[in-house]
Amino acid sequence: MNHILLVDDEPEVLNALTRILRKDYTLTTANSAAQALEILSTIKCDLIISDIRMPQMDGIELLAQIKRDYPSVGRVLLSGYADMDQCQMAISDNIAKIILAKPWDNFELKNIINLMIEYNQLKQANQTLQLKLDQFRSMS
C-alpha cells in the first residue's frame, strides 16, 4: 500500500484527510514542517500533501527541501484561494507538482493522489530501464 505523509497545522484538516484516505493508503500525519522532515528521515513515503500556510516553515519551503533531499517523493500543495500567486511560483519552480485548493473535492483528491503515485512509479521504472540500457550499451 502506498504511504502518504499529510502535513497541516490544523488538526481538523488532518482529521478530514485521514477519514477520506485511510482505507486506500497508509497514512502518517505531521502538524508542522519540522515534524514532517523528522518523519521523512525514518519512513519512506511515496507522496506528501502539505498545507501552504504553517508557522515557522511554510509548505513551499517544506516541499522545496523535500524536493532537494527526497526527489522521488511526490509533492502536493494544499492552498486557499488567497495563496494562488505563491502556488504559481511553486509550480513554475517545480517545488510542487500539483496544487489542490481548499476546500477540496474528495473525488478529485483521490484522483490526484492516484495520478501522482502512478506518475512517480512510471518515472522510477523509466530511470531503472535507462540505467539498464546504459549498462547494456557500455557492454557492447
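This report describes the fold of one protein in a predicted model.

## Basis of the description

The model is predicted, and local features need pLDDT of at least 70, side-chain atom pairs count only at pLDDT 80 or more, and totals for chains, interfaces and linings use all residues. Residues are numbered from 1 along each chain as its sequence is written, and side-chain values use heavy atoms, with hydrogens and water left out.

## Overall architecture

The protein has 5 helices and 5 strands. Helices (H or I, at least four residues) and strands (E, at least two) are DSSP runs, numbered from the N terminus. Along the sequence they follow the pattern β-α-β-α-β-α-β-α-β-α.

The C-alpha trace spans about 60 × 35 × 30 Å along its principal axes. A compact globule of 140 residues would have a radius of gyration near 14 Å, and the value of 16 Å for the protein agrees with this. The radius is taken over C-alpha atoms, and the globule rule is 2.2 Å times the number of residues to the power 0.38. Of the 140 residues, 40% count as buried, where buried means under 20% relative accessible area, exposed over 50% and partly exposed in between (1.4 Å probe, protein chains only). Among contacts (heavy atoms within 4.5 Å) between residues at least 6 apart in sequence, 60% join residues at least 24 apart.

## The sheet

Strands of a sheet pair through backbone hydrogen bonds, either parallel or antiparallel. In this protein, 5 strands form an open sheet in the order S2-S1-S3-S4-S5, with parallel pairing. Strand S2 (26-30) and strand S5 (98-101) are the edge strands, each pairing on one side only. From one strand to the next, the twist averages 20 degrees. Two strands count as paired if DSSP finds at least two bridges between them.

Strand S3 (residues 47-51) runs parallel to strand S4 (residues 74-79), and 5 bridges join them. Strand S1 (residues 3-7) is also parallel to S3, to which 4 bridges join it. Leucine 47 has glycine 74 as its bridge partner in S4, and isoleucine 4 stands opposite leucine 47 in S3.

## Strand S3 and serine 50

In S3, 5 of its 5 residues are buried. Both faces of the strand are covered: Leu47, Ile49 and Asp51 lie on one side, and Ile48 and Ser50 on the other.

Serine 50 belongs to strand S3. This residue counts as buried because its relative accessibility is 0%. Leaving aside residues up to four places away in sequence, serine 50 touches Val7, Gly59, Leu62, Leu63, Val76, Leu77 and Leu78.

## Packing of H1 against H5

The axes of helix H1 (residues 11-21) and helix H5 (residues 106-139) come within 11 Å and cross at roughly 75 degrees. H1 is therefore roughly perpendicular to H5. Angles of 65 to 115 degrees count as roughly perpendicular, under 35 as roughly parallel, over 145 as roughly antiparallel and the rest as oblique. Axes are lines fitted to C-alpha atoms, for helices over the stretch in contact, and angles run from 0 to 180 degrees between N-to-C directions.

Leu17, Ile20 and Leu21 in H1 meet Asn106, Leu109, Lys110 and Ile113 in H5.
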